[in-house]
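Please look at the sequence and the structure before reading the points below.

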Amino acid sequence: MSRDLRSVAGLILGVALGSAAVQSHTWQMRHILTTEARLSHLDAQHWRQESLRLRDQLALINRKSERQTYVQTVNLEVIKSPVPLIDVEAALEPYTESLLGVSLASVKLSLIYQLFEHRRLVLGSHVYQVSVKALLVAPDVTILLHLHPLGRSHAS
C-alpha cells in the first residue's frame, strides 16, 4: 500500500509541478501580450493623429486649388453612316478614351481634330477614311464625322 501511496504522491507532485510550469508560462505570455497590446494602442493613436493631420493638409490643398472642368464623355456622330455606329465607336475607342479626364482648359481643338482627321478604319471588309466635320468641346465632347469609303480590305 505504501507503494501505491508513493505513486499517487508522485502523480500529485507531477501534476502540481506541471500546472505550476504551465501557469508560469501562461502568466509570462499574458504579460508579453499585454505589453504588446499597449504598444500597439500607442502606435494606433500615433497613426490616427498622423492620418488626421494629413487629411487636414489635403483639405487645405483642395481648397487652394482652382476648380477645373474635365472631359467626361466623348460622343461620336457619323453623317449617313455606312456602318453601325457601335463599330465606329469601337474602332475609335483608343482615341476617344485618351480624351476622357483631360482638363477642359487644356483641350485644344486642333488636338482633337488631328486625332481623328484622315484616320483610316477597317470596318467589316471595307476601309474608310475619317473626316471631321464639327467639334463641340464641353464636358461632353461631341465629334461629327463623315466616313469616306476607300475600297475593300485585303484581309478577309
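The points that follow are grouped by topic. The structure is a predicted model. Its largest nonpolar core has 21 residues, and the structure holds one salt bridge.

- Strand β4 provides the largest share of the core, namely four residues.
- Beyond residues up to four places away in sequence, Leu145 touches Leu76, Glu77, Val78, Ile79, Leu92, Phe116, Val130, Ser131 and Val132.

**Thr142 in strand β4**

- Thr142 is a residue of strand β4.
- Is Thr142 buried or exposed? Thr142 counts as buried because its relative accessibility is 19%, and the limit for a buried residue is under 20%.
- When neighbours within four places in sequence are left aside, Thr142 is in contact with Asn75, Glu77, Ala134, Leu135 and Leu136.

- Strands β2 and β3 run antiparallel and are joined by four bridges.

- Which residue forms a salt bridge with Glu50? The partner is Arg53, and the closest N and O atoms of the pair are 2.3 Å apart.
- In general, side chains of opposite charge can pair when their charged atoms come close.
- Glu50 and Arg53 are separated by about one helical turn because they are three residues apart in helix α1.
- Glu50 is partly exposed, with a relative accessible area of 21%, and Arg53 is also partly exposed, with a relative accessible area of 38%.
- Ile32 likewise has its place in helix α1, which covers residues 2–64.
- Together with Met29 and Leu33, Ile32 forms a nonpolar patch on the surface, and the accessible area of the three is about 240 Å².
- Ile32 counts as partly exposed because its relative accessibility is 34%.

**Glu97 in helix α2**

- Glu97 has its place in helix α2, which covers residues 85–97.
- Glu97 counts as partly exposed because its relative accessibility is 43%.
- Glu97 and Val74 are 23 residues apart along the chain, and their C-alpha atoms are separated by 8.0 Å.

- Most residues other than glycine have a negative phi.
- Lys80 is not a glycine, yet its phi is positive, at about 45°.
- Where is Lys80 found? Lys80 lies in the loop between β1 and α2, and it counts as exposed at 77% relative accessibility.
- His118 is another residue other than glycine with a positive phi, in this case near 65°.
- The place of His118 is in the loop between α3 and β2, and His118 is exposed, with a relative accessible area of 52%.

Note on methods
Residues are numbered from 1 along each chain as its sequence is written. This is a predicted model: local features need pLDDT of at least 70, side-chain atom pairs count only at pLDDT 80 or more; totals for chains, interfaces and linings use all residues. Side-chain values use heavy atoms; hydrogens and water are left out. Patches are made of residues with over 30% relative accessible area and no salt bridge: like charges are joined within 9 Å, nonpolar side chains (Val, Leu, Ile, Met, Phe, Trp, Tyr) within 5 Å. Accessible areas come from the Shrake-Rupley method with a 1.4 Å probe; for residues, only the protein chains shown count as cover. A salt bridge is a side-chain nitrogen of Lys or Arg within 4 Å of a carboxyl oxygen of Asp or Glu. Helices (H or I, at least four residues) and strands (E, at least two) are DSSP runs, numbered from the N terminus. Buried means under 20% relative accessible area, exposed over 50%, partly exposed in between (1.4 Å probe, protein chains only). A nonpolar core is a set of buried Ala, Val, Leu, Ile, Met, Phe, Trp, Tyr and Cys residues joined through side-chain atoms within 4.5 Å. Contact means heavy atoms within 4.5 Å. Two strands pair if DSSP finds at least two bridges between them.
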